[in-house]
Amino acid sequence: MAAAGQVVVGVSGSLAGLAALRTAARAARSSGRVLVAVLAWEPPEGEVLHARNPDSAWAARCAREAAARLDRALEEAFGGTPSEVTVVRRVVRARPDRALRRATARDFAAG
């Protein structure tokens, strides 16, 4: 998905997700835009159950694991962060659809 100055892609680590990441990187490179790689995560039991028994240390660990998954996806897709395009990593605690909408809305608001 392309916004004014960026190409936003959801990252999951799946084979289809890695293909989408590569395609988005090509689009960003050819258009001179920034590649925004978004990995969304939620507590495994869901936000409602987590809200009943919040644990900030556990949530921080989940966020670190999500960031590591994003790094692994970039490693698998490109052998690391691609040097020919600017990459912004975003690890967002939200459902994927909401995380991607927010990522594109930021650029529309700024652009």
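The model is predicted: local features need pLDDT of at least 70, side-chain atom pairs count only at pLDDT 80 or more, and totals for chains, interfaces and linings use all residues. Residues are numbered from 1 along each chain as its sequence is written, and side-chain values use heavy atoms, with hydrogens and water left out.

Start with helix 1. Helices (H or I, at least four residues) and strands (E, at least two) are DSSP runs, numbered from the N terminus. Helix 1 has 17 residues and reaches 24 Å from its first C-alpha to its last. That is close to the 24 Å expected at 1.5 Å a residue, where the expected span is 1.5 Å times one less than the number of residues. Gly 32 follows the helix, with a positive phi near 75 degrees.

Now look at its sides. Buried means under 20% relative accessible area, exposed over 50%, partly exposed in between (1.4 Å probe, protein chains only). Gly 17, Leu 18, Leu 21, Ala 24, Ala 25 and Ala 28 of helix 1 are buried. Seen down the helix axis, these buried residues fall within an arc of 120 degrees, so they line one face; the arc is that of the directions from the axis to the C-beta atoms. The face turned away from the buried side carries the exposed residues Leu 15, Ala 16 and Ser 30.

What do the buried residues of helix 1 pack against? They pack against strand 2, strand 3 and helix 3. Contact here means heavy atoms within 4.5 Å. Ala 24 lies in helix 1 and is buried, at a relative accessible area of 8%. Beyond its neighbours within four places in sequence, Ala 24 is in contact with Val 7, Val 9 and Leu 35.

Helix 3 is the next partner. The axes of helix 1 and helix 3 come within 10 Å and cross at roughly 70 degrees. Axes are lines fitted to C-alpha atoms, for helices over the stretch in contact, and angles run from 0 to 180 degrees between N-to-C directions. The two helices are therefore roughly perpendicular, a label for 65 to 115 degrees. Leu 18, Leu 21, Arg 22 and Ala 25 of helix 1 meet Ala 73, Leu 74, Glu 76, Ala 77 and Phe 78 of helix 3.

Finally, the core. A nonpolar core is a set of buried Ala, Val, Leu, Ile, Met, Phe, Trp, Tyr and Cys residues joined through side-chain atoms within 4.5 Å. The largest has 21 residues, with Val 9, Val 11, Leu 21 and Leu 35 making the most contacts inside it. Helix 3 gives the most to this core, seven residues.

Notes: Angles under 35 degrees count as roughly parallel, over 145 as roughly antiparallel, 65 to 115 as roughly perpendicular and the rest as oblique.
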